[in-house]
Amino acid sequence: MATEYITRMGDGRKVTMTKEEIRADIETGIGEAVDAAEVPELSGDEIDHLLEIVASKEKLVTVEHGKEVVLSLDGGSISIESEHGSGIPCGRINGVVMEERAYCLDVLELAHMDYSYKPVKPLTAVECQTMRQLQEITTTPLLYGAMPNMGLYYTPDGPYENPGDLMKAFKIQEAQDSIEKSAEHLTRDMIWILQKMMKNGGADGANFDTMAAAGDGDFYSALNAIEALRKEYPEMYIEAGMASETVLGIHGELKYDGVNVAGLWPHKQVELVEKAGANVFGPVCNTNTTYSFAWNLARAVTVVKACSENATIPIHVNMGNGVGGIPMFEVPSTDTISRADKAMIEIANVDGI
């Protein structure tokens, strides 16, 4: 009888599979990535290595000495105290200090609980004061982080008509105009907030997190904000992370540096992020809950490896709940997290997580 190995599905359920079944799912996951993202497939040796990682008998796996990578994060201390994090009751200042001194992160982040730039705008002075306080008591680089979240600029939350409603009424040009106006407004707000954070808060830089969550206009807006801030602050550290594996084309015709941003996958996204002036890029590959962990991880590693090979800036792949091959579950299991991290480091050649 064939030996079975404990593994999981994309929703976190624990299952058992034979080594042959795991390999078959790995090869299928790679094939899906190659077809969808138009990237090279993994080599035979890389498939063997990935199989060894997934089928390891140990509950937790890790990398060899000397292969450790940088650890950054998004969400900051709000991930510690929120119900979807550890649920530890603490203020943001204590949370950031915990990130440095207990969790040993290499890059820290201050963030507002709403975690979007628009709600931060009226609170910028307060956020600058908190940033200044934290700079006095921390040593590790400290960024200000938030999502562009362009959806907040549409009605009923914002001043511009929702393009989804306009499209349902077949008002395509009006929908595109609304996206363009929203993108310009969002770009202005992000630049203004981060100018204050750099000048008055003493921030080391910024994290543009979950870019393109509202589609191509969201990504386009963030790229323009990054470009403007890089010109004004040559020393500013800018981390740019995505919301999804591909940019949803809601507008469909927005171009940055002559390239249509809709439909781009990580290995092409990073080219524009580099041109805009970011220091670090965080690619995403989404988890499919109906497939196995092996399938999802193989697919994610294939997509991210192509991104790493095409990048000239460091790659800090997004690894967490529902991305990077890790199951979509409120608190992902450490067995899958350690395996996914190891695969991304040793096969996809990422610079950080």
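**Salt bridges across the fold**

At 10% relative accessibility, Glu 245 counts as buried, because the cut-off for that class is under 20% relative accessible area. In this predicted model, Glu 245 forms a salt bridge with Arg 299, and the closest N and O atoms of the two are 2.7 Å apart. Glu 245 belongs to the loop between strand E6 (237-242) and strand E7 (255-256), whereas Arg 299 sits in helix H11 (residues 293-310), so this contact ties together parts that are 54 residues apart in sequence. Arg 299 counts as buried too, with a relative accessibility of 6%.

Since Asp 335 lies in helix H12 (residues 334-346) and Arg 8 in strand E1 (residues 4-8), the pair ties together parts that are 327 residues apart in sequence. Asp 335 has a relative accessibility of 12% and therefore counts as buried, and Arg 8, at 14%, counts as buried as well.

Helix H12 also holds a pair within itself, for Glu 346 and Lys 342 both lie in this helix, four residues apart, which is about one turn of the helix. Glu 346 forms a salt bridge with Lys 342, with the closest N and O atoms 3.0 Å apart, and both residues are buried. Elsewhere, salt bridges that share partners join Arg 23, Glu 27 and Asp 48 into one network. With the criterion of a side-chain nitrogen of Lys or Arg within 4 Å of a carboxyl oxygen of Asp or Glu, the count comes to 18 salt bridges.

Methods
Residues are numbered from 1 along each chain as its sequence is written. This is a predicted model: local features need pLDDT of at least 70, side-chain atom pairs count only at pLDDT 80 or more; totals for chains, interfaces and linings use all residues. Side-chain values use heavy atoms; hydrogens and water are left out. Helices (H or I, at least four residues) and strands (E, at least two) are DSSP runs, numbered from the N terminus. Buried means under 20% relative accessible area, exposed over 50%, partly exposed in between (1.4 Å probe, protein chains only).
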